[in-house]
Number of protein chains: 2
Amino acid sequence: MTQATNDQFLLAARPVGMPKDSDWQRATPALAELADGEVRVKILYISLDPAMRGWMNDARSYVRPVAIGEVMRAGGVGVVVESKSPKFAVGAHVMGVMGVQRYWQGPAEDKGAMLAQVDPAIAPLPAWLNALGMPGMTAYFGLIEVGQPKAGETVVVSGAAGAVGMTVGQVAKHLGCRVVGIAGGEDKCRFVVEELGFDACIDYKAGPVHAGLKQHCPQGVDVYFDNVGGEILDAVLTRINMKARIVICGAISQYNATEAVKGPANYLALLVNRARMEGMLVTDYAARYPEGVATLARWMKEGSFKNREHIVEGFETFPSTLNMLFKGENLGKLVLKVADA
Amino acid sequence: MTQATNDQFLLAARPVGMPKDSDWQRATPALAELADGEVRVKILYISLDPAMRGWMNDARSYVRPVAIGEVMRAGGVGVVVESKSPKFAVGAHVMGVMGVQRYWQGPAEDKGAMLAQVDPAIAPLPAWLNALGMPGMTAYFGLIEVGQPKAGETVVVSGAAGAVGMTVGQVAKHLGCRVVGIAGGEDKCRFVVEELGFDACIDYKAGPVHAGLKQHCPQGVDVYFDNVGGEILDAVLTRINMKARIVICGAISQYNATEAVKGPANYLALLVNRARMEGMLVTDYAARYPEGVATLARWMKEGSFKNREHIVEGFETFPSTLNMLFKGENLGKLVLKVADA
């Protein structure tokens, strides 16, 4: 039954700018026998997230960098195919930080992998890497706890058609806010307005964001959930209201920068408007994930919340599929399908 | 008794970069008879503050710009020399936004001037433009309400030998914090450590701020009160702790910039550290000034809080004296002495 070897993508070199094929190395080590308390998970879907780019740099951050020669870190969802732990039975579906590989194995209680069982009856497996996983929890707690939107306020979110942005906007609509997305391209903008129910979406590729904000946020911006940084952050800063809150969740526009990161030149708008810019990290809310999952799952069941995954098949496509994120080529949560259930 | 004419500095042109003499125009209009409810104040000291540079620009901000041909806006303290209002008797000392002129006159209840009586028995008149005035209130409420320092935390303040910075550091010491100033030059650094009791001061002209922070903030930075922006803000961002709070009070390094303002390139430290950057404006705390004044006045009386004004004499020196702020030539609160009491 057991396949004798694994298949992995290791980080071979620290990328300069956009990751290249030569920054990766394939490895096919033999799979060891399970020890007591361990499980083997056959990975079905791998989550591809902008944060992965940061983990590839040798920089002090909220998690240690992936080491050269180490399996690339990534979230995933899979099925337990062997178990010497009472925690997970064979056939159980689990999510966790399992890396870019076909199999994960180790202690069921592993602190790094943080395996947790998921129920495919609540939502299809890829949704557990999306709204019911890290991106969804990031959006839910970042918006509610750091953004603190009130009904009637205007919420703007960049990366609106990405995993986090999709959920931010839909949660904000549930809270009674006016929601304006920012995304690149007509298809994405149409998707977030027509499919997800955003009030408007600004196509940053079609014209200046500033003009779009003026048109679609006539009452100014109360909450800005920023996934992209760069010029879009600067444009939004010119339109914020008194006591506005800017949630710094990411800065995908800057992750592959080979020059210095572009700081927000308009940050003094914070002073003029007594506004706030605050960073958030999803793991700070780990104890409250059940609350977030329950709320989003309920809305999904009611039909008032939509998931969308952009699924690419084929483990071997990992290097180019990851780069789709940085090229803005995904519409919805980018997921790599590795195997059939 | 009454002098028949006033003497004023009007804004003649919007400065590009550092204000020039030609950006000002002198005027000596006749003083009108007082109407009922009005007072005439002989201005004794004029407050020179970094914010004045912003008021000279034609830009949307927290107050309207000074118009071309209008008396330059400034705080001041003076003595009532004529009164047709029961609110202020002749001989009363008042502070308010009275402009760069020798006399202010108008309704005692004027909303723009916001006259308030001050008691020279509590502190000498210039102190009412310093710790007991706008800079002191800015420091006190900005630090306590936005910075929220806790005993044992490390507080860093830039512009440490300026009006706001001096008070920020001394209040933080009263709260039991480790206090590290940043200032330009040995004299200023010696002053804040030896006279004001800061734990250390980094001379940004003597070497890289980053190295100074490493040396003097071994536990990292919990609160940064920023008066200067630019490269110093960026350096501090690399040393902030988890959940750090950055109070954006000003950015004097950028006020005369003729290129775009330099945004903080290291702002993603907010994300990594789940930290916050927030603007503050003193007038939001107007209702609580009595609390701030009472606290600082008590400390001054006890000898545990020191004021320092840098007083320059001569109304006609206004243009060059104002520029001392932007050249970092003042040590303590910069005040223009206009007349003897």
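Modeller: Helices α5(A) and α6(A) are oblique to each other, a word for angles that are not under 35 degrees (roughly parallel), over 145 (roughly antiparallel) or 65 to 115 (roughly perpendicular). Before going on, note that this is a predicted model, where local features need pLDDT of at least 70, side-chain atom pairs count only at pLDDT 80 or more, and totals for chains, interfaces and linings use all residues. Residues are numbered from 1 along each chain as its sequence is written, chains are lettered from A and ligands numbered from 1 in the order in which they are written, and side-chain values use heavy atoms, with hydrogens and water left out.

Colleague: At what angle do the axes of α5 and α6 of chain A cross?
Modeller: Roughly 40°, and they come within 9 Å. Helix α5 covers residues 209-216 of chain A, and α6 covers residues 230-237. Helices here are DSSP runs (H or I, at least four residues; strands are E, at least two), numbered from the N terminus. Axes are lines fitted to C-alpha atoms, for helices over the stretch in contact, with angles from 0 to 180 degrees between N-to-C directions.

Colleague: Left-handed or right-handed crossing?
Modeller: Right-handed for α5(A) and α6(A). That term applies if the near helix is turned clockwise from the far one by less than a right angle, and left-handed if anticlockwise.

Colleague: Which residues of α5(A) and α6(A) meet?
Modeller: V209(A), H210(A) and L213(A) come from α5(A), and I232(A), A235(A) and V236(A) from α6(A). Contact means heavy atoms within 4.5 Å. Five of these residues are nonpolar, one is polar and none is charged. Ala, Val, Leu, Ile, Met, Phe, Trp, Tyr, Cys and Pro count as nonpolar, Asp, Glu, Lys and Arg as charged, and the others, Gly among them, as polar.

Colleague: Switching topic. How is chain A divided?
Modeller: Into domain 1 (8-130 + 308-337) and domain 2 (134-283). The bounds come from an automatic or database domain assignment. Their centres, taken over C-alpha atoms, are 28 Å apart. Across the two, 19 residues of domain 1 of chain A contact 15 residues of domain 2.

Colleague: And how do α2 and α8 of chain A cross?
Modeller: At roughly 95°, with axes that come within 10 Å. So α2(A) is roughly perpendicular to α8(A). The contact includes Y140(A) and F141(A) of α2(A), and V293(A) and L296(A) of α8(A). Its residues divide into seven nonpolar, three polar and one charged.
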